[in-house]
Amino acid sequence: MSATIFYREAPQKVSEQNRGAPVACDALIVGAGFAGSVIARELAERGGMRVALIEMRAHIGGNAYDCLDETGVLIHTYGPHIYHTASERVHEWLTRFTAWRAYEHKVLANVHGQLLPVPFSLSSIEAAFAPDRARQLTDLLKARYGLGARVPIIELRKAADPLLHELADYVYENIFLQYTMKQWGSTPEQIDPLITARVPVLVDYDDRYFQDPWQGMPCDGYTALFEKMLDHPNITVHLGYEAREIIAFEETGTSDAPFTAVRLAGQPFEGLVIYTGALDELAEQRFGLLPYRTLDLVYRHYDRNPVQAAATINFTVSEAYTRTTEFTWLTAQDIALSTVLEEYSLAYDGSPAQTAYYPIVGKENQERYERYRMLFTRLSGFHPLGRLAEYRYYNMDQIVLRALELADDLLR
Ligand SMILES: Cc1cc2nc3c(=O)[nH]c(=O)nc-3n(C[C@H](O)[C@H](O)[C@H](O)COP(=O)(O)OP(=O)(O)OC[C@H]3O[C@@H](n4cnc5c(N)ncnc54)[C@H](O)[C@@H]3O)c2cc1C
């Protein structure tokens with residue numbers, strides 16, 4: 001059995017026995033989230049490589065990590081994670097490591113105390129408007145676009161009928177605008193009109209948040225899934241290691257692509273390095289910080305369960321937090337207590353106490369990221385992978401697929 005040691009019950013304790021430096025390996029992987037763990041398994045199993053995986057946190061699982069909180073409720077420590085995918089390959093692959101509990105996510109928007117299903121659908125219209133007006137609107141939408149259509153609000157605005165304009169304005173102001181301002185810290189003028197235009201109204205009564213064919217939650221939680229994924233004799237996991245303690249680069253190239261060789265614990269290293277951390281950190285922010293939004297996560301404990309009417313409530317016109325999530329809806333944990341998470345969105349300042357969550361998409365930031373990426377391009381064995389290293393948002397299934405495809409390339 002591998003030397004993998006896990007800390008599900010006491011994640012803050014990194015035992016000394018697991019702090020041993022990564023020994024000789026064929027592939028060094030930085031980060032034990034989905035990106036790092038999936039490729040670790042593939043390189044170890046399919047490639048027969050000796051894989052050392054280092055992780056700076058005291059636990060595996062990256063942002064999908066879950067554990068019992070102090071009241072015994074199973075929580076997602078870095079925010080709620082709901083699994084959904086349209087990729088058969090991803091689903092089959094993950095199903096090797098977990099059974100799934102059927103779960104379809106539902107979200108309600110709290111609009112001045114009224115709870116409306118989101119994405120905004122025919123059910124939402126019936127909840128938001130008086131019966132006559134709701135019937136007019138739903139009949140109009142069905143006749144014009146057909147049941148099952150997704151109509152961006154910009155389309156509704158283009159329509160001749162003033163009722164549809166009214167609906168578009170209602171959705172924009174009550175569901176989209178303030179929520180988006182809170183999430184991105186932006187003013188209405190800064191909100192990209194192209195994104196606004198894409199906000200859909202669903203001509204449907206299907207009020208599931210995701211429509212993917214495979215949806216669910218891992219029966220024993222995400223951490224257990226990662227434990228199984230990393231349980232392979234060719235994999236060793238080293239918790240409590242920050243990449244820069246171990247990896248260094250020889251810098252003898254050109255100014256835009258200076259790194260020419262990798263050193264591991266001071267020794268030249270010819271193997272693969274799969275890096276799933278932030279590239280700006282690895283290059284000591286020589287071009288400045290890559291901007292992100294972070295979250296202040298506040299957990300509230302209750303002596304009853306359930307506390308709210310759905311797994312997630314989006315506060316689209318009130319409150320400083322963007323949304324609340326009650327974990328027992330996701331996990332179906334049989335417990336009389338409950339924990340509800342409030343998410344406050346704010347700018348990431350790069351301090352160790354914060355976690356970089358959402359990259360801020362934009363031309364300038366993308367150009368800065370490309371400058372960072374260029375630094376590493378002469379290192380043929382160095383591969384940035386994942387939401388931080390690629391500076392882009394991935395859902396879990398998307399990063400699993402990306403990691404499997406990188407493994408395909410490397411093992412070809
Ligand atoms: C609040 C929130 C909610 C989300 N909800 C969903 C959802 O419902 N459904 C869904 O499909 N997706 C969701 N996602 C997306 C999901 O979290 C990502 O797809 C996934 O985390 C990407 O995996 P990753 O391995 O790239 O990154 P991560 O999970 O962040 O893993 C990277 C790991 O690398 C480690 N690391 C970083 N730098 C270093 C370093 N220098 N040295 C050592 N270790 C390092 C980190 O500690 C971390 O453990 C959500 C994301 C957020 C932010």
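How far apart do the C-alpha centres of domain 1 and domain 2 lie? The distance is 38 Å. Domain 1 covers 16-103 + 220-290 + 358-411, and domain 2 covers 107-202. Those bounds come from an automatic or database domain assignment.

Two housekeeping points. This is a predicted model: local features need pLDDT of at least 70, side-chain atom pairs count only at pLDDT 80 or more, and totals for chains, interfaces and linings use all residues. Residues are numbered from 1 along each chain as its sequence is written.

Now the ligand. 34 residues surround the ligand, each with its C-beta atom, placed from the backbone, within 6 Å. The closest are Gly 31, Gly 33, Gly 62, Gly 277 and Gly 386. Elements giving two or more residues to this shell are α1 (34-45), β2 (51-55) and α12 (396-411). Helices here are DSSP runs of H or I, at least four residues; strands are runs of E, at least two.

Next, a helix pair. Helix α2 (residues 88-95) packs on α12 at about 90 degrees, with the axes 9 Å apart. The axes are lines fitted to C-alpha atoms over the stretch in contact, and angles run from 0 to 180 degrees between N-to-C directions. The two helices are therefore roughly perpendicular, a label for 65 to 115 degrees. Arg 89, Val 90, Trp 93 and Leu 94 in α2 meet Asp 397, Val 400, Leu 401 and Leu 404 in α12; contact means C-beta atoms, placed from the backbone, within 7 Å.

Technical notes:
Parallel < 35°, antiparallel > 145°, perpendicular 65-115°, else oblique. Contact = placed C-beta atoms within 7 Å.
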